[in-house]
Structures are given as structure tokens and as C-alpha cells.
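Let's take a walk through this structure together. Have a look at it first, and then read on.

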Amino acid sequence: MLKFTSIRLNLLSDYKSKLFFERGTRGGLTKFSKLYAKANNPKTPGYKSDEPNTWLVYQDANNLYGWIMSQNIPYGGFSWYAGNPDVALAQLEYMEEADDAGRVYEVDISCP
């Protein structure tokens, strides 16, 4: 495919960048479940208006590999963002899927 597209791949020469991408590589099955959950909203029986509204969501995704293989991938021009991280997060709202530049974030997530 590289010969067909004439794209030249830039190698990650910075060891810190290489480790950043390697840490972000994931695969296999991911599951997060809770044995019991109860929704509290006006559409459910036993709704309690004095408690916060809550909803239950079930998501199932198939063919994630096939989908990602049809997306654009980064091939060069890698650099660390030197600006304010809060500004970078605020700019996410204005980014489009077809933009020439993209971003990769490292985040810490906890599920209660």
C-alpha cells in the first residue's frame, strides 16, 4: 500500500514518543460489568424524584478491527504539544474528522 500511495513513513526517532505509542497499543476483549444496577429516571417504575436521575446503557461493538483499518492513520509530522493542556482539551470540540492534523491523548480513567 505504501508503494501505491507514495507516502513516506516517518520513523519515531524519539524514544519517549515510541514508548508513548507502545503503551497505547491494546488488543483483545474488554469488558466492564456490574452485577446489579438500577436506573432512576421518570421513565422507570419506582422513580424517586429526590434522588439524581440515572440511566443504564448497554453497548456492543462488532468489527472494530475492520472499522479501524478503513480509517486514516498517522504517518509523520509527530511532535509533542507544548501549549496549555486545558486549551488542547477545549480545542477538541472544534476538531473535525477530516482535519489534516490529529492528536493522541494519554488519559487516566477510573470506573467506580
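Predicted model: local features only at pLDDT ≥ 70, side-chain atom pairs only at ≥ 80, totals over all residues.

Residues are numbered from 1 along each chain as its sequence is written, and side-chain values use heavy atoms, with hydrogens and water left out.

Let's begin in helix α2, which covers residues 15–23 and holds S17. Helices here are DSSP runs of H or I with at least four residues, strands are runs of E with at least two, and both are numbered from the N terminus. S17 is buried, at a relative accessible area of 11%. On this scale, buried means under 20% relative accessible area, exposed means over 50%, and partly exposed is in between, using a 1.4 Å probe and protein chains only. What does S17 touch, leaving aside neighbours within four places in sequence? It is in contact with L12 and W80, where contact means heavy atoms within 4.5 Å.

Now for the charged pairs. The whole structure has two salt bridges, a salt bridge being a side-chain nitrogen of Lys or Arg within 4 Å of a carboxyl oxygen of Asp or Glu. One of them joins E22 to K18, with the closest N and O atoms 2.3 Å apart. Why are these two separated by about one helical turn? Because they are four residues apart in helix α2. E22 is partly exposed at 44%, and K18 is partly exposed too, at 35%.

R23 and E106 also meet through their side chains in a salt bridge, at 3.5 Å from N to O. This pair links distant parts of the chain, since R23 is in helix α2 while E106 sits in the segment after α4, 83 residues apart. R23 is partly exposed, with a relative accessible area of 43%, whereas E106 counts as exposed at 55%.

Next, move to the loop between α2 and α3, where you'll find N40. Is N40 buried or exposed? With 8% relative accessibility, N40 is buried. A polar atom of its side chain lies 2.9 Å from the backbone nitrogen of K48. Setting aside neighbours within four places in sequence, N40 has contacts that include Y47, K48, E51 and P52.

Then there's the largest pocket, with about 2000 Å³ of space. A pocket is found on a 1 Å grid over the protein atoms alone: it is an open set of points with protein on both sides within 12 Å along at least five of seven lines, and lining residues have an atom within 4 Å of a point. The volume is the space filled by probe spheres set on the points, with grid points joined across faces, edges and corners. The lining has 41 residues, and P74, A101, G102, R103 and V104 lie nearest the centre. Helices α1 (2–5), α2, α3 (64–69) and α4 (85–91) each give at least two residues to that lining.

Two last stops. V87, in helix α4, is partly exposed at 38%; its C-alpha lies 31 Å from that of P52, 35 residues away in sequence. Finally, S6 is in the loop between α1 and α2, and S6 has a positive phi of about 60° although it is not a glycine. S6 is exposed, at 62%.

Terms used
1 Å grid on protein atoms, 1.4 Å probe; cavity = no way out; pocket = protein on both sides within 12 Å on 5 of 7 lines; lining within 4 Å. Polar contact = N/O pair within 3.5 Å; in protein donor to acceptor, adjacent residues only side chain to side chain.
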